[in-house]
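I opened the notebook to record what I looked up in one structure. The entries follow in the order I made them.

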Amino acid sequence: MPIYTKEDAQALLKKVLSYSKAEECEVSLGGSEGGNIRYALNAVSTAGDVSTVGLAVTSVYGKKAGTATIDEFDDAALERVVRRSEELAQLAPENPEYMPMLGPSDFPESITYNANTAAMTPSSRAEMVGKSLEVTKAANLNAAGYLENSTGFSAVMNSKGLFAYNKSSDVTFSVTTRNEAGTASGYAARGYTDVSKLDTYTATKIAASKANGSLGARAIEPGKYTVILEPVAATYMLENMFRFDARSAEEGRSFLSKKGGGTRLGEQLVDPKVTIYSDPFNPDLPSSTWTGDGLPREKTMWIDKGVVKNLSYSRYWAEKKGVKPLPGPGNIIMEGGDATIEDLIKSTERGILVSRLWYIRMVDPQSLLLTGLTRDGTFYIENGKIKFPVKNFRFNESPIIMLNNLEALGKQERSISVESYRSYLIPPMKIRDFTFSSLSDAV
């Protein structure tokens with residue numbers, strides 16, 4: 001069983017530290033167990049269970065550090081990995097940015113673990129996939145999807161007396177639906193801490209309606225359009241801006257850098273309707289209450305009514321700048337409104353509904369200009385109604401410009417990015433003057 005209790009993890013880490021002869025030593029332990037099921041062409045193709053556990057030892061002499069890892073825990077192996085980390089530390093060059101390890105701290109217990117999700121079995125995963133396949137078979141579509149659940153833990157202890165432990169669980173689901181000819185496509189993705197919130201049947205119904213609604217897509221001229229970005233599409237656009245890193249901003253490498261030097265901290269960066277924060281105790285998207293280097297995580301406002309309120313500072317950069325360290329966000333929550341996607345469509349005279357974006361690449365980090373493609377259901381809106389599907393576009397747009405052209409926000413939803421494997425709480429959004437630069441024949 002790779003899921004150690006807090007007490008068992010603490011006992012093992014103490015044992016490992018007892019072997020250390022270094023000036024400083026840190027030991028981290030982590031493991032996970034879970035399973036997955038993959039399906040394509042309306043049939044399960046693979047399924048499996050995964051169970052892993054590993055330990056890492058970092059030994060330090062002055063500013064020289066070495067790390068060794070192992071996955072066997074008898075006494076001889078544990079002492080051997082400590083000795084190896086000490087050998088590597090002696091051979092390593094000095095790290096000019098090394099920071100001494102932190103001492104004890106009281107970290108509140110997180111709410112990242114859910115017993116329902118941890119209790120998932122191959123049978124329960126198969127049942128959930130079966131509900132998805134009911135939809136696609138009835139709609140005469142082919143489905144390709146992936147369902148995965150995982151329960152994990154992480155623990156860290158160092159020679160200065162710091163100890164931290166966290167246990168978590170999550171489940172993710174994604175499905176793509178296509179017609180037999182491959183000329184129409186729909187998509188849905190969900191991620192939750194609590195599996196009881198996951199409805200694969202309803203999610204697949206949405207993907208199927210996108211696919212069947214995409215038949216006969218028309219080509220329209222690229223240009224600037226009012227767009228409604230569904231939460232998945234909005235997530236893909238925004239996740240590149242969520243680091244809020246002070247160092248890159250102060251060194252002139254970020255969209256948060258100010259021309260001529262300095263940062264945009266305290267400035268109105270985007271529309272006043274935009275508020276973005278992180279909170280480890282958000283019930284819909286919880287996160288660990290501590291970081292890997294032993295800093296506590298607390299609720300932090302990053303953008304409040306469009307104004308940049310905080311930047312994250314590593315311990316090294318905080319000491320260099322004479323400020324308090326502030327860890328980056330463990331989760332991202334963007335406040336929304338009360339409107340549904342249907343409400344946003346009804347309020348649009350002419351525009352385009354975007355279900356999903358993909359193949360996104362950075363063009364310019366300082367302006368955060370991105371390029372990518374729409375996919376899995378793109379529709380033309382006229383007089384508050386979806387009129388017809390349209391061929392996919394390539395876009396060239398910055399999320400910063402986009403959030404300055406914000407007209408309305410809908411109800412936030414938990415969305416998963418399958419490219420970064422992270423979940424966010426993001427609302428659908430209505431944006432004016434979104435730039436589509438060319439057409440794409442991709443489906």
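Helices (H or I, at least four residues) and strands (E, at least two) are DSSP runs, and I number them from the N terminus. I am reading a predicted model, where local features need pLDDT of at least 70, side-chain atom pairs count only at pLDDT 80 or more, and totals for chains, interfaces and linings use all residues. Residues are numbered from 1 along each chain as its sequence is written, and side-chain values use heavy atoms, with hydrogens and water left out.

**Entry: Tyr-187**

I found Tyr-187 in strand β6, residues 185-192. For burial I use relative accessible area: buried is under 20%, exposed is over 50%, and partly exposed is in between (1.4 Å probe, protein chains only). Tyr-187 has a relative accessible area of 9%, so I noted it as buried. I then looked up Arg-356, which is 169 residues from Tyr-187 in sequence, yet their C-alpha atoms are 7.7 Å apart in space.

**Entry: helix α6**

How many of the eight residues of helix α6 are buried? Eight of the eight are, so this helix (residues 231-238) is largely enclosed by the rest of the structure. Among the buried residues of α6 I listed Pro-231, Thr-235, Tyr-236 and Leu-238.

**Entry: helices α4 and α5**

I took axes as lines fitted to C-alpha atoms, for helices over the stretch in contact, with angles from 0 to 180 degrees between N-to-C directions. The axes of α4 (residues 122-138) and α5 (residues 200-213) come within 8 Å and cross at roughly 30 degrees. That makes α4 roughly parallel to α5. The cut-offs are under 35 degrees for roughly parallel, over 145 for roughly antiparallel, 65 to 115 for roughly perpendicular, and oblique for the rest. Contact means heavy atoms within 4.5 Å. On the α4 side the contact includes Met-128, Lys-131 and Val-135, and on the α5 side it includes Tyr-201, Thr-204 and Ala-208.

**Entry: helices α1 and α2**

I looked up α1 (residues 6-18) and α2 (residues 75-91) next, and their axes come within 9 Å and cross at roughly 55 degrees. The two helices are therefore oblique to each other. The contact is made by Leu-12, Lys-15 and Val-16 of α1 with Asp-75, Leu-78 and Val-82 of α2.

**Entry: aromatic rings**

Rings of Phe, Tyr and Trp (its six-membered ring) pair if their centres lie within 6.5 Å; planes under 30 degrees apart are stacked, over 60 edge-to-face, and the rest tilted. By this rule I have 15 aromatic pairs. In one, the rings of Trp-358 and Tyr-359 have centres 5.6 Å apart and planes at 50 degrees, so the pair is tilted. Trp-358 is partly exposed at 25%, and Tyr-359 is partly exposed at 44%. Phe-434 and Phe-436 form another tilted pair, 5.2 Å centre to centre with 55 degrees between the planes. Both Phe-434 and Phe-436 are buried.

**Entry: positive phi**

Most residues other than glycine have a negative phi. Asp-376 has a positive phi, near 60 degrees. I placed Asp-376 in strand β13, residues 369-382, and at 1% relative accessibility it counts as buried. Asn-383 also has a positive phi, near 50 degrees. Is Asn-383 buried or exposed? At 54% relative accessibility, Asn-383 counts as exposed, and its place is in the loop between β13 and β14 (385-389).
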